[in-house]
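Please read the points in order, with the coordinates open.

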There are 2 protein chains.
Amino acid sequence: MEELFIKMVMDAWHTSLKRTEDLLNNLSDDALKKETATGRNTGVYLLGHLAAVHDRMMALLGIGEPLRPDLFEKFVSEAENKNQPTSSIPDLKAYWKDVHASLNEKLNRLTPEEWFQKHTSVSEEDFAKELHRNRLNVVITRTNHLDYHRGQLIYLKEK
Amino acid sequence: MEELFIKMVMDAWHTSLKRTEDLLNNLSDDALKKETATGRNTGVYLLGHLAAVHDRMMALLGIGEPLRPDLFEKFVSEAENKNQPTSSIPDLKAYWKDVHASLNEKLNRLTPEEWFQKHTSVSEEDFAKELHRNRLNVVITRTNHLDYHRGQLIYLKEK
């Protein structure tokens, strides 16, 4: 039963990730530089944002260190600053690729038992009362976060 | 263990639903009539779209009939037609409320065993090979769909 549930959650994660990657691969650099809506985040910022949030998942899950903690500051802690030069798109796309290769490889190695252990931002004491705050729950919430921003990135695609 | 999975999935569903409702309640009718981005769906259409998709969940889960099948045609089968008069916002908000009251009441009554049974759009034969195509999986995918459109509706909020 644990394995079935892990499959359900991981299937949803990989589906959203693939849809996002397919979309990103089909957007030109010029399209990515545009705002997703007037006055809102650009595609470049959302690309960096999603990669940095997923990079941070490794620490949250206790399975690795972030590859680029500096990008968390730039793309998560700080809002987009359109007056600052943005990171280069090829660099961000390489970062995206590295993060997901590393993260997905580590996720694939987790055992069912490990999936249902607590993540690192919940205390032992709280976890004893709230067993749903486990590693697998992090993937559920991150999949929802990914789809939230995918709904915005789609606006860069020509109709 | 089943009950823990169900709680994880239902918590994510209720979190996304509450965030969407809080957002919808904070948007004026004038804001809802606007396009979420230039040339894209209006808030009114997305309100109707989400309510109609959730209305249809009752049939998909085999727990009830849709309240308004005609709205599925208008808000799901057909793309938004901005030359046609839109449904009234109070009517759509009342529909939203009725759908979620009915749906959530029915979801609350499902037993753990029923959650892991197949949904109605998979055959017995396919389900025997693909046990993840159960009722709970429908809630996972619909939560992702909800967050996808919530990421668009947020653009109606003034910055």
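1. A salt bridge is taken here as a side-chain nitrogen of Lys or Arg within 4 Å of a carboxyl oxygen of Asp or Glu. One such pair is A:Lys129 with A:Asp126, whose side chains meet at 4.0 Å, N to O. The two residues lie three apart in helix 7 (residues 124-129) of chain A, so about one helical turn separates A:Lys129 from A:Asp126. Helices are DSSP runs (H or I, at least four residues), numbered from the N terminus. Over all chains the count is 16 salt bridges, yet between chain B and chain A it is zero.

2. On the basis of the note: this is a predicted model, in which local features need pLDDT of at least 70 and side-chain atom pairs count only at pLDDT 80 or more, while totals for chains, interfaces and linings use all residues. Residues are numbered from 1 along each chain as its sequence is written, chains are lettered from A and ligands numbered from 1 in the order in which they are written, and side-chain values use heavy atoms, with hydrogens and water left out.

3. How is chain B related to chain A? A rotation of 180° with 0.0 Å of shift along its axis superposes chain B on chain A, with an RMSD of 0.0 Å (least squares on the C-alpha atoms of residues with pLDDT of at least 70 in both copies). This is the relation of a two-fold axis. In chain B, the C-alpha nearest that axis belongs to B:Tyr148, at 2.1 Å.

4. The contact (heavy atoms within 4.5 Å) draws 33 residues from chain B and 32 residues from chain A. Of the interface residues of chain B, 97% are also interface residues in chain A, so the copies meet through the same surface.

5. Between them, chain B and chain A bury about 3000 Å², 64% of it on carbon and sulfur atoms; buried area is the accessible area (1.4 Å probe) lost when two parts are put together, summed over both. B:Met8, B:Arg40 and B:Tyr155 supply 25% of the area that chain B buries against chain A, more than any other three residues.

6. Five aromatic pairs occur over all chains (ring centres of Phe, Tyr or Trp, the last by its six-membered ring, within 6.5 Å; planes under 30 degrees apart are stacked, over 60 edge-to-face, the rest tilted). The rings of A:Phe5 and B:Phe5 have centres 4.0 Å apart and planes at 5°, so this pair is stacked. A:Phe5 lies in helix 1 (residues 2-26) of chain A and B:Phe5 in helix 1 of chain B, so the pair joins two chains.
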